[in-house]
Amino acid sequence: MRALSAGLLTTLVVGLAPAPAGAAPLDGPPRTAAGGPDRAAKALPALRVRTLASGLDHPWDVKPITGGRLLATERDSARLLVVDGGTARPVDFPSGSVWVSGETGLMSLEVDPDFADNKRFYTCQGGFTGGGGHDVRVMAWKLKGGAAKPVRKLVGGFPVSSGRHGGCKLLVARNGALLVGTGDAAVGTNPRDLRSLGGKVLRLDRRTGKPWPGNPFAKAGNRNKRYVFTYGHRNVQGLAQRADGSIWSVEQGTYRDDEVNLLKRGGDYGYHPVPGYNEDVPMTDQSLPGEQQAARWRSGDPTLATSGAAWVRGGGGWGGYAGMLAVGVQKGQRVLFLRFDARGRLKGSRTPAALREFGRIRSVVSAPDGDLLLTTDNGDGQDRLLRVSPR
């Protein structure tokens with residue numbers, strides 16, 4: 001097994017410098033939703049960024065586990081890594097069982113809240129089906145020593161095409177349910193077809209894989225429909241639970257309108273790119289039958305390619321960042337901090353210069369001490385696992 005070098009001594013401390021000339025409107029001092037100065041914002045601390053591991057290749061997700069270690073996935077190599085003491089080492093994992101194509105491979109990762117006792121974790125990944133087919137699926141595993149042992153497939157059959165829009169984000173909510181954000185596989189009918197698992201946020205029992213009993217269509221005759229929590233999504237890349245218990249998603253747009261959505265049980269988020277796969281339609285089409293849930297933030301034109309997200313916990317010196325949603329940005333190469341009030345209304349935004357030095361940002365994860373963990377997504381063995389803390 002090849003150990004990957006770590007740059008534990010690589011530390012970058014950058015103040016909140018003014019935005020460069022010609023920067024996008026999201027840069028510079030905190031802004032309100034209307035675009036004016038956010039005078040209510042608290043002082044924003046400088047940020048310290050440390051490289052925990054380097055030499056990675058398209059790391060998709062990272063999660064803390066016991067003993068101060070981290071568990072991480074690489075999408076294209078389909079490797080599972082443990083980062084410990086400054087070294088990232090591959091785990092004995094059946095990478096050959098993962099279907100890798102385009103945007104699909106070994107993607108999201110979630111750790112069971114009882115991991116210290118049961119050593120259980122979950123992956124969302126491409127898979128092989130009978131007859132030479134493929135799907136995207138959620139798997140349960142146990143970490144034993146240096147090996148991942150399969151427990152069971154929790155749910156599968158998420159649609160695929162070339163590997164485009166494979167999703168796929170996992171979140172164990174505080175009520176114990178496992179939420180799964182899925183992509184629409186670039187098939188126009190999937191997002192609003194309740195018999196398809198594509199273009200949805202699903203909710204299931206993480207122990208058994210059965211649909212969560214409180215789902216809006218829990219008594220439906222079609223089994224796939226019983227899993228649906230929300231629908232009408234394009235390509236869900238981030239899921240995060242706020243301190244108030246609300247669930248939020250991050251979704252990539254077409255040529256416009258990346259979205260941050262506040263999820264409502266049974267909600268329709270309005271993506272319906274038909275006939276064919278018509279990406280000129282609105283991300284949230286309010287002309288569709290029924291009620292469509294409007295985004296709480298959107299990028300406008302052009303998109304930034306938003307990805308993973310985490311809420312910044314209060315305390316720990318985060319100052320004005322506390323309580324904000326930190327969103328990884330790929331094309332825009334930054335971390336975007338969004339402030340919402342208690343009713344979910346956008347109140348301000350910030351893109352600190354300290355987090356514009358690392359290229360594409362894939363995942364943003366909250367560490368137990370309140371720091372943020374980031375994975376970069378630049379490829380060619382140039383990626384890193386970063387820890388961000390307020391100075």
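**Hairpin, disulfide, aromatic pairs and pocket**

Q: In the hairpin of β8 and β9, which residue takes a positive phi near 75°?
A: The model is predicted: local features need pLDDT of at least 70 and side-chain atom pairs count only at pLDDT 80 or more, while totals for chains, interfaces and linings use all residues. Residues are numbered from 1 along each chain as its sequence is written, and side-chain values use heavy atoms, with hydrogens and water left out. Strands are DSSP runs of E with at least two residues, numbered from the N terminus. Between β8 and β9 the hairpin has five residues, and the positive phi near 75° belongs to Gly131.

Q: Which residue of β8 is the bridge partner of Glu110?
A: Strand β7 (residues 106–111) is joined to β8 by four bridges, and the two run antiparallel. In β8, the bridge partner of Glu110 is Tyr122.

Q: Why is β8 largely enclosed by the rest of the structure?
A: Buried means under 20% relative accessible area, exposed over 50% and partly exposed in between, for a 1.4 Å probe on protein chains only. Strand β8 is largely enclosed because, of its nine residues, the number that are buried is eight.

Q: How far apart are the sulfur atoms of Cys124 and Cys168?
A: One disulfide (a pair of cysteine sulfur atoms within 2.5 Å) is present in the structure. The link of Cys124 and Cys168 is right-handed, with 75° about the S-S bond. Cys124 sits in strand β8 (residues 120–128), and Cys168 is in the loop between β10 (147–158) and β11 (169–172), 44 residues apart. Cys124 and Cys168 are both buried, and their sulfur atoms are apart by 2.0 Å.

Q: What is the angle between the planes of Phe93 and Trp141?
A: Rings of Phe, Tyr and Trp (its six-membered ring) pair if their centres lie within 6.5 Å, with planes under 30 degrees apart counted as stacked, over 60 as edge-to-face and the rest as tilted. A search of the whole structure finds eight such pairs. Phe93 and Trp141 form a tilted pair, 4.7 Å centre to centre, with an angle between the planes of 50°.

Q: Which element gives the largest share of the lining of the largest pocket?
A: On a 1 Å grid over the protein atoms alone, a pocket is an open set of points where a 1.4 Å probe fits, with protein on both sides within 12 Å along at least five of seven lines; lining residues have an atom within 4 Å of a point. Here 29 residues line the largest pocket, and Leu171, Val172, Gln241, Arg313 and Ser366 lie nearest its centre. Elements giving two or more residues include β3 (59–64), β7 and β15 (236–241). The largest share, four residues, comes from β11.

Technical notes: Two strands pair if DSSP finds at least two bridges between them.
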